[in-house]
Amino acid sequence: MSTTAVAPLTTADAEALVTAARRAAEAAGVTVSITVLDAGGHLLAFRRDDRAVLISGETSTRKAYTALQLDAPTADLVEAVQPGGPFHTLPTALDRPLLFIAGGVPVRRDGRLIGAIGVGGGAPEQDHAFATTAVESLV
């Protein structure tokens with residue numbers, strides 16, 4: 001059984017993700033914050049537009065962290081944390097808070113999780129679209 005090494009998310013990759021998400025947000029006329037984390041949850045890149053709401057810096061980071069830890073887009077997890085959902089208590093179970101609002105998307109290379117991007121500042125569905133556009137642009 002052999003495993004092929006997968007290149008980690010690089011600073012250049014992170015900058016490309018930020019640029020793609022920023023361009024998508026600019027095209028929509030939305031000011032945002034964008035966070036890119038590596039597979040270990042460490043910050044690789046961050047950008048906040050001048051007029052983005054201040055809390056968007058925190059929400060973009062938490063969205064990225066949540067998508068990374070659960071290896072799923074945060075948009076797909078919103079229902080799971082509602083009362084009666086399988087992850088109802090998960091948002092408060094960890095030392096580092098998770099955020100179950102659309103805008104966090106895992107980044108994979110050759111099927112392997114290598115990081116995550118989080119976007120905050122727009123409506124949740126906009127943030128999700130900007131993050132998804134960025135991930136899809138990564139070569």
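Helices (H or I, at least four residues) and strands (E, at least two) are taken here as DSSP runs, numbered from the N terminus. The structure is a predicted model, in which local features need pLDDT of at least 70 and side-chain atom pairs count only at pLDDT 80 or more, while totals for chains, interfaces and linings use all residues. Residues are numbered from 1 along each chain as its sequence is written, and side-chain values use heavy atoms, with hydrogens and water left out.

The protein contains three helices and four strands, arranged along the sequence in the pattern α-β-β-α-β-β-α. Its C-alpha atoms fill a box of roughly 50 × 40 × 20 Å along the principal axes. The radius of gyration, taken over C-alpha atoms, was compared with a globule rule of 2.2 Å times the number of residues to the power 0.38. For 139 residues the rule gives a value near 14 Å for a compact globule, and the protein agrees with it at 14 Å. Of the contacts (heavy atoms within 4.5 Å) with a separation of 6 or more, 64% are between residues 24 or more positions apart.

Helix 1 covers residues 11-27. The expected span of a helix is 1.5 Å times one less than its number of residues; for the 17 residues of helix 1 this gives 24 Å, in agreement with the 24 Å between its end C-alpha atoms. Its buried residues are Asp13, Ala14, Leu17, Val18, Ala20, Ala21, Arg22, Ala24 and Ala25, and they pack against strand 1, strand 2, strand 3, strand 4 and helix 3. Gly29, which follows helix 1, has a positive phi near 75°. In the segment before helix 1 lies Pro8, which is exposed with a relative accessible area of 55%. Pro8 touches Asp13 and Arg109, residues up to four places away in sequence not being counted.

Strand 1 (residues 33-38) has six of its six residues buried. Both of its faces are covered, with Ser33, Thr35 and Leu37 on one side and Ile34, Val36 and Asp38 on the other. Strands are treated as paired if DSSP finds at least two bridges between them. Strand 1 is joined to strand 2 (residues 43-48) by five bridges and to it runs antiparallel; six bridges join strand 1 to strand 4 (residues 112-120), also in an antiparallel arrangement. Thr35 has Phe46 as its bridge partner in strand 2 and stands opposite Gly118 in strand 4. Four residues separate strands 1 and 2 in a hairpin, and Gly41 in the turn has a positive phi of about 85°.

A nonpolar core is a set of buried Ala, Val, Leu, Ile, Met, Phe, Trp, Tyr and Cys residues joined through side-chain atoms within 4.5 Å. The largest such core has 22 residues, and Leu17, Val36, Ile117 and Val119 have the most contacts inside it. Two or more residues each come from helix 1, strand 1, strand 3 (104-109), strand 4 and helix 3 (124-137), with helix 1 giving the most, seven residues. Beyond four places in sequence, the residues touched by Val119 include Ala21, Ile34, Phe130 and Ala131. A second, separate core of 11 residues includes Ala72, Leu77, Phe100 and Ala116.

Technical notes: Buried means under 20% relative accessible area, exposed over 50%, partly exposed in between (1.4 Å probe, protein chains only).
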